[in-house]
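Dear colleague,

I am passing on the structure we spoke of, with some notes on the contact between two of its chains. Please look it over before reading on.

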Amino acid sequence: MTLDCREVRNRLVDHLRGRLDADAQHELEAHLATCADCAHANEVERLLDDALEHRLPARPASAALRERIAAMSVPAPRRQWWRGALVPALAVAAALVLTVPALVYRQLASLRATATAAMVDEAVADHLRIAQAQRPLEVESGGIHQVRPWFEGRLDFSPVVPFDGDAVVPLRGGALAYFRDRRAAAFIYGLRQHTITLLVFRADGLPWPRTGLARIGGVDAYRTRERGFTVILWRAGDLGYALVSDADPAELTQIAARFSPGV
Amino acid sequence: MAEGPGRDAVAREGLAHLDALHRLARYLTGRDADAEDLVQETYARAFAGAERFVSGTNVKAWLFRILRNTFISEHRRRRASPIVAAPEVMERAPASEETWLRDDLELDRLRKVVGAEIEAALLSLGEEARTVVLLDLEDMSEHEIAVVLDCPVGTVKSRLSRARAALRQRLRDYAR
């Protein structure tokens, strides 16, 4: 016998994983055939593997988390488009613009519309996640002067929120959120029984809608309905804003105007 | 947003490992909400750092390494209480010692162990032991595990062996 028991024990997991070469495998199996202690140890390892592989709860990611991660992994289509092939892309684009400009225009508009829909989706998903979380508010509100400083050091930008909440629309608190690939500050307000989420995030690199905009307060905003929620998107300076709620659309629009005062 | 071949690789392959990453996150944090936060932060960091990722290298090990480092830096800092639930002493019991019962009691016990018991046993181990057991369960090689744990390849085997011995010990304790 060339292997001692200690060596055999050290190789049992490798043996079970099939990592031993043919000679070592053969040698080990020969030892197991003659040594009851090592054979027992091997069986213990095998049964432990079996319990871990087949009985330990798998705890897979939820569908909602998968959706959020998938949204993070898709770069804005406009930028992805050019990648790696600038010259051919320009040539093709030029040819298309010369021959069928309407088609190109429609194509670009549809790409942008898809990307905008993804932004709207993400805003609703964030809102739902915060509203349905067991402990939605990472900082309970004692007013905006408590909530805003809480974000310091947790974000790489300073969230500007012109509306501090009032008796009708009280600020309930704040939480960290993600918007696509970036961190966002979530401010949570109440409106009677409704929850209003305001997400604030860096605006650059996102496929902001260019058409269908309406003047709300001091900004050109994009307003839409999605899964029973009203979503209002706008940008101001370097920051992007998404306001989401199941409150009445007209009422939410009036509230949005207070978040985006005229300049 | 980072772009380039690294980002492509991360975007293409990253999602394939979501369930495995979530599983480790869930067993590290012990809570659904914390696990989701940890996974999301892991992907945020991965996409943010994707430019530095060298295409052709191991996306899986790289993602697990980010997850573990994020857990250690963020999670421990956020919580007042330490994550490690159980004394580490048990795990240091040398695996080469005779920790196997010669009789059939342990074999019988292992055959009958239910999911909740093995889960509780795993959660009672220290962070490193939980990690090494789960990475091994994900079919990761010793080299890949060494990348995640940031340790020499040579010490992965002994860490795994200690962790599994501790796991068996816990399961045996439940049986009494």
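The area buried between chain B and chain A is about 4,800 Å², with 52% of it given by carbon and sulfur atoms; buried area here is the accessible area (1.4 Å probe) that two parts lose on being put together, summed over both. This is a predicted model, in which local features need pLDDT of at least 70 and side-chain atom pairs count only at pLDDT 80 or more, while totals for chains, interfaces and linings use all residues. Residues are numbered from 1 along each chain as its sequence is written, chains are lettered from A and ligands numbered from 1 in the order in which they are written, and side-chain values use heavy atoms, with hydrogens and water left out.

As for confidence, the model scores ipTM 0.85 and pTM 0.55. Chain B averages a pLDDT (the predictor's confidence in each residue, from 0 to 100) of 81, and 77% of its residues score at least 70. Over residues 80-101 of chain B, however, the pLDDT is below 50, although this stretch has 46 contacts in the model beyond near neighbours in sequence, a contact being heavy atoms within 4.5 Å.

At the interface, 54 residues of chain B are in contact with 45 residues of chain A. The rule finds 13 salt bridges across it, each a side-chain nitrogen of Lys or Arg within 4 Å of a carboxyl oxygen of Asp or Glu; Asp19(B) and Arg66(A) meet in a salt bridge through their side chains at 3.0 Å, N to O.

With regards
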